[in-house]
Amino acid sequence: MLTITAHFMPNDYLIELVLAYYSTAYRLSDHGIEIRIGAPNTEFDEFCRKRNICEWAFLTAFNPASVQTSAQADELSNAKLKAELDKGGFRYCRGLGVPDDCMGWEPEVSFFVWNIDLSTSSELARQFGQKAIVYGNRAILPSIIWINHR
């Protein structure tokens, strides 16, 4: 399998932020599956195969621009993202981005979105001020995709 590591990476990224994205465990909350960047996972592959998931994205609206915000603001933003996913007719399940303990970030409530293409998932991330998403498909291991905010 091929791993995509970046579309665009702004110059102002700090090494600690990049490490935080790569060291986070991306969990499908209702299914007990954990995704790691660049790591093969047969349980996850089987989950996708059984549900005919050809491509996917792990999205959140928490902490826009990678700046920690209040729980209330995060919940409101995620509710708006959920409304966009519903409006688009996307199927999804609850997710949770759980950072490595040493990074100082709280877990982020997220959505594992089924059969969403890279362009659409990137646009949603841009709309909600995200610096990156996790994306994959049958040929690409879970990858961080950096978002260009034009």
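Colleague: Why is Cys93 called buried in this predicted model?

Modeller: Its relative accessibility comes out at 7%. Buried means under 20%, so Cys93 counts as buried.

Colleague: And what makes Cys48 buried or exposed?

Modeller: That one is at 6% relative accessibility. The cut-off for buried is under 20%, so Cys48 counts as buried too.

Colleague: How do you know whether Cys48 is bonded to the closest cysteine sulfur?

Modeller: Go by the distance between sulfurs. A disulfide needs the two sulfur atoms within 2.5 Å. The closest cysteine sulfur to Cys48 is in Cys54, 9.2 Å away, so that is too far for a bond. As for Cys93, its nearest cysteine sulfur is that of Cys48, at 9.2 Å, and Cys93 is in no disulfide. By this rule the count is zero disulfides.

Colleague: Which residues of helix α2 are buried?

Modeller: Helix α2 covers residues 42-50, and its buried residues are Phe44, Phe47 and Cys48.

Colleague: What makes you say they line one face of the helix?

Modeller: Look down the axis of α2: the buried residues fall within an arc of 95°, so they line one face. Turned away from that buried side are the exposed residues Thr42, Arg49 and Lys50.

Colleague: What covers the buried residues of α2?

Modeller: Strands, including β1 (25-28), β2 (33-35), β3 (55-59) and β5 (108-114).

Colleague: What goes on at the start of α2, and what follows the helix?

Modeller: At the start, a side-chain oxygen of Asn41 comes within 3.0 Å of the backbone nitrogen of Glu43. Following α2 there's Asn52, with a positive phi near 55°.

Definitions and conventions
Residues numbered from 1 in each chain as written. Predicted model: local features only at pLDDT ≥ 70, side-chain atom pairs only at ≥ 80, totals over all residues. Heavy atoms only, no water. Buried < 20%, exposed > 50% of the residue type's maximum accessible area, 1.4 Å probe, protein only. Helix = DSSP H or I, 4+ residues; strand = E, 2+ residues; numbered from the N terminus. Arc of directions from axis to C-beta. Contact = heavy atoms within 4.5 Å. Polar contact = N/O pair within 3.5 Å; in protein donor to acceptor, adjacent residues only side chain to side chain.
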